[in-house]
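Subject: Handover of a structure

Dear colleague,

Please find below the structure that I am handing over to you. I would be grateful if you would look through it before reading the notes.

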Amino acid sequence: MKKNCYYLIPIFLLLFVTESLPASKLLNVKNNAKVIYVSPIPGAKYVTPETNIIIKTSGVIDKYTTAAHEVFDVTGSVSGKHTGKVIFSDDGHTILFNTDIPFNYGETVNVKLNTGLKTIDGDNVALPEFNFEISKQNQNLLNKPGISDEFTGYNPLINNSNNSLKQNAHKIISTVQTLPSDFPALTVNQSNNPSSGYLFLSDYRVKADSQYGDYLIVADNQGNPVFYKKTNGLGLDFKIQPTGVVTYFDEGTNKHYVMNTSFDVIDSITCRNGYVNNAHELRILPDGHIFLLCSDVETVDMSKIIAGGDTAAQVTGNVIQELDKNKNVVFEWRTWDHFKITDATHEDLTAHNID
């Protein structure tokens with residue numbers, strides 16, 4: 001009996017190990033990691049010359065497998081092969097390629113992912129070769145000059161109890177004694193046992209010759225201003241973010257700005273990849289990633305799409321971008337990829353400007 005038991009124990013262990021490990025590990029055969037997101041999407045049109053290339057995988061990427069070879073082979077039909085910087089985002093799943101110089105208008109870009117990139121599980125990251133088209137011409141305007149983006153000491157995750165705006169409000173907000181002559185009057189029309197706290201708002205001028213200036217305003221429930229800041233243009237989207245910082249959009253400089261819990265401006269945020277900021281809206285997630293909207297004005301020959309269309313119509317599309325904590329673009333969703341211009345049934349598609 002003892003002899004039989006000694007034979008059974010190794011057999012049991014062998015069966016246990018065999019069923020605990022995938023067959024690919026036992027046979028030393030590597031699978032391909034699933035690529036769950038690519039940008040620009042294969043076959044995309046109206047891509048900006050400044051675009052980056054994004055690949056996100058289901059597995060965590062082993063960045064050390066890229067040391068001995070080039071990860072990306074990116075070639076423009078006019079501009080030729082592109083060099084650039086390979087960046088790993090903070091989520092561990094996303095790898096980026098930022099070109100050293102922009103692509104040329106109107107060219108087709110071919111992207112090939114070279115072999116060798118693996119996940120930490122040893123799986124190959126495989127992606128079929130694909131291409132996309134750079135727009136022939138777009139009318140995106142550079143962000144207007146404003147406060148420099150070069151800020152120091154900015155931590156997007158100001159959410160600890162010692163730095164919360166709510167707990168420090170009595171220290172950093174004090175009753176305003178005097179107001180500028182162009183400050184808008186606040187009137188409380190109805191007050192029905194409101195919650196305690198402050199109201200974040202901004203005035204919105206509907207007349208160009210308004211006597212009032214552009215202000216961000218923090219007021220109490222009685223309509224008394226306790227903080228204000230004059231902006232270069234309309235101040236919009238003024239709010240507290242989940243991370244504890246305060247943000248707003250300044251239409252005068254076309255930028256989003258970040259303020260700390262003392263209302264000091266500590267950073268500015270703009271769309272990347274050649275797009276223009278859109279005021280609606282900015283969100284900073286608890287992990288420090290940033291979501292924002294961008295506008296993209298493309299020159300489109302609408303005569304090829306609809307009878308009587310403008311041969312050089314200015315068509316505005318929208319883009320959603322996600323930036324990681326280092327402000328790298330790690331996700332991009334574009335209306336051009338998911339809608340036809342003719343889906344805008346509310347618009348006059350024969351007009352010069354189409355939104």
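Predicted model: local features only at pLDDT ≥ 70, side-chain atom pairs only at ≥ 80, totals over all residues.

Residues are numbered from 1 along each chain as its sequence is written, and side-chain values use heavy atoms, with hydrogens and water left out.

The chain contains four helices and 24 strands (DSSP runs, numbered from the N terminus: H or I of at least four residues for helices, E of at least two for strands). Of its 355 residues, 42% are buried (under 20% relative accessible area, with a 1.4 Å probe and protein chains only).

One cavity of 30 Å³ or more was found in the whole structure (a set of points on a 1 Å grid over the protein atoms alone where a 1.4 Å probe fits but cannot get out). The volume of the largest cavity is about 50 Å³ (the space filled by probe spheres set on the points, which are joined across faces, edges and corners). Its lining (residues with an atom within 4 Å of a point) includes Ser39, Tyr275 and Arg334.

The largest pocket (an open set with protein on both sides within 12 Å along at least five of seven lines) holds about 450 Å³ of space. Among its 22 lining residues, Thr335, Trp336, Phe339, Lys340 and Ile341 lie nearest its centre. Strand S22 (313–323) and helix H4 (335–338) each give two or more residues to this lining, and S22 gives the most, with four.

Yours sincerely

Conventions
Buried < 20%, exposed > 50% of the residue type's maximum accessible area, 1.4 Å probe, protein only.
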